[in-house]
Amino acid sequence: MSSKFAPLKNDTFLRALLRQPTEYTPLWLMRQAGRYLPEYNATRKRAGSFLGLAKNPDYATEVTLQPLDRYALDAAILFSDILTVPDAMGLGLYFAEGEGPKFERPLRDEKAVLALQAPDLGTLQYVFDAVTQIRTALNGRVPLIGFSGSPWTLACYMVEGGGSDDFRTVKSMLYKRPDLMHHLLKTNAAAVAAYLNAQIDAGAQAVMIFDTWGGALADGAYQQFSLHYMREVMAQLQREKDGVRIPAIVFTKGGGLWLEQIADIGADAVGLDWTVNLGEARARVGERVALQGNLDPVVLFANPEQIRAEVNKVLASFGTPQAGTGHVFNLGHGISQFTPPEAVSVLVEAVHDISRSMRKA
Ligand code: CP3
């Protein structure tokens with residue numbers, strides 16, 4: 001079956017995820033469209049707010065393409081947010097200036113949790129419209145990544161009502177009312193699967209699940225309350241569109257200790273933060289999954305020589321990818337809003353150049 005979109009000119013990222021040979025190590029950056037770019041800040045100003053950007057497919061398309069116009073990145077990522085899903089479930093997402101995301105109606109009691117339902121996907125149509133519009137505008141330059149939060153990470157924001165230092169409210173619910181927590185996570189898992197499948201239908205060529213707060217859980221709780229529900233999502237995902245494989249990436253920040261278990265839930269690739277040695281990670285997962293990561297984002301505040309040296313360390317720790325393995329270069333978490341844009345040029349060139357010469361050696 002053929003697709004209504006232009007054929008891909010650069011599929012290096014998809015091949016690395018599928019553990020096929022590549023001429024160099026592809027890269028993209030978590031939060032590559034964002035406040036470190038002056039052109040992003042200019043568009044955001046015109047849109048009035050972050051949500052004004054994210055909810056308007058024209059603006060979302062514009063900012064998604066901005067980092068690609070500056071840098072030779074190997075993938076685009078949908079400009080949106082993981083919190084669009086709980087917003088569509090009726091929790092009322094807003095951004096207090098300088099405070100990060102918040103919900104007007106967090107889930108604080110049994111009644112609120114039991115009343116929760118997977119969202120009507122129609123209320124998220126602006127996301128799917130953005131996906132189609134971005135894929136069309138990309139015109140085959142690079143693949144487009146769709147994404148969602150993990151059921152657990154969404155639950156953290158839904159119960160806390162915003163960010164948290166210790167996740168006291170959501171973890172108290174987990175320990176005191178595991179039945180309620182499972183009910184919430186089951187609802188979220190169904191919502192996330194439907195949301196990702198709709199992004200794939202709209203044109204996403206790979207999908208990623210961000211489990212930003214899985215690492216806040218105790219061993220044992222992680223498997224029961226985060227990993228289990230990501231496995232449920234993976235089981236419900238469509239993995240092919242128009243005859244083409246749609247790779248899935250899972251990323252638990254702080255999940256390095258559980259790598260083998262994460263590699264076992266059916267994803268094509270596992271994202272890693274900077275606490276993990278990629279060579280050891282590769283030995284632990286063998287040919288089960290590709291790996292994505294894992295430069296410390298703060299390296300981008302060092303000087304060009306130092307950035308190149310740190311890039312070299314990450315590439316060398318993975319080693320030259322052999323048949324059956326794959327590496328996608330990324331940061332271990334999102335790029336800081338204070339990053340000098342020139343540092344990203346140094347990074348992109350270093351990853352491409354060094355990884356090409358490693359393959360020739
Ligand atoms: O990577 C990209 O370029 C795509 C866009 C993207 C955003 N959020 C845009 C955004 C993606 C993939 C996300 C995911 C997301 N959102 C996660 C998971 C990834 C991670 O970082 O761990 C989480 C936990 C969120 C929730 C969220 N949204 C937070 C905590 C914040 C505040 C962050 C901050 O730095 O202030 C947001 C807002 C947000 N989402 C911004 C952007 C560019 C900054 C908003 C602004 O312009 O004011």
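**View 1. The open sheet of the predicted model comprises 7 strands.** Its strands follow the order S1-S4-S5-S8-S9-S10-S11, and their pairing is parallel. Strand S1 (76–77) and strand S11 (327–331) form the edges, each pairing on one side only. In general, the strands of a sheet pair through backbone hydrogen bonds, in either a parallel or an antiparallel manner.

**View 2. Strands S5 and S8 are paired within the predicted model.** Strand S5 (residues 206–211) and strand S8 (residues 248–252) run parallel and are joined by 5 bridges. Val-207 stands opposite Ala-248 of S8. Val-207 also belongs to the residues with the most contacts inside the largest nonpolar core.

**View 3. The largest nonpolar core contains 115 residues.** Those with the most contacts inside this core are Leu-78, Ile-145, Val-207 and Val-250. Helix H10 (residues 178–202) gives the most to the core, contributing 11 residues. Leaving aside residues up to four places away in sequence, Leu-78 touches Thr-64, Ala-130, Val-131, Ile-134, Leu-144, Ile-145, Gly-146, Phe-147 and Ala-204. Among these contacts of Leu-78 is Ile-145, itself listed with the most-contacted members of the core.

View 4. Not counting residues up to four places away in sequence, Asp-74 touches Asn-10, Thr-12, Phe-13, Pro-26, Leu-27, Trp-28 and Val-142. The C-alpha atoms of Asp-74 and Gly-266 are separated by 24 Å, and these two residues are 192 residues apart along the chain.

**View 5. The ligand is surrounded by 21 residues.** The closest of them are Ala-33, Gly-34, Phe-50, Phe-210 and Thr-212. By residue class, the shell around the ligand divides into 10 nonpolar, 7 polar and 4 charged residues.

**View 6. Two spans carry a UniProt domain annotation.** According to the unreviewed UniProt entry, the annotation "domain: Uroporphyrinogen decarboxylase (URO-D)" covers residues 26–35 and 145–161. Residues 26–35 are 0% helix and 0% strand, and the C-alpha atoms at the ends of this span are 23 Å apart. Residues 145–161 are 59% helix and 29% strand, with end C-alpha atoms 27 Å apart.

How values were computed. Residues numbered from 1 in each chain as written. Predicted model: local features only at pLDDT ≥ 70, side-chain atom pairs only at ≥ 80, totals over all residues. UniProt positions renumbered as here; feature names shortened; annotations may be inferred. Helix = DSSP H or I, 4+ residues; strand = E, 2+ residues; numbered from the N terminus. Near = placed C-beta within 6 Å. Nonpolar A, V, L, I, M, F, W, Y, C, P; charged D, E, K, R; others polar. Core = buried A, V, L, I, M, F, W, Y, C linked by C-beta atoms within 7 Å. Buried ≥ 20, exposed ≤ 12 C-beta atoms within 10 Å, placed from the backbone. Contact = placed C-beta atoms within 7 Å. Pairing = 2+ DSSP bridges.
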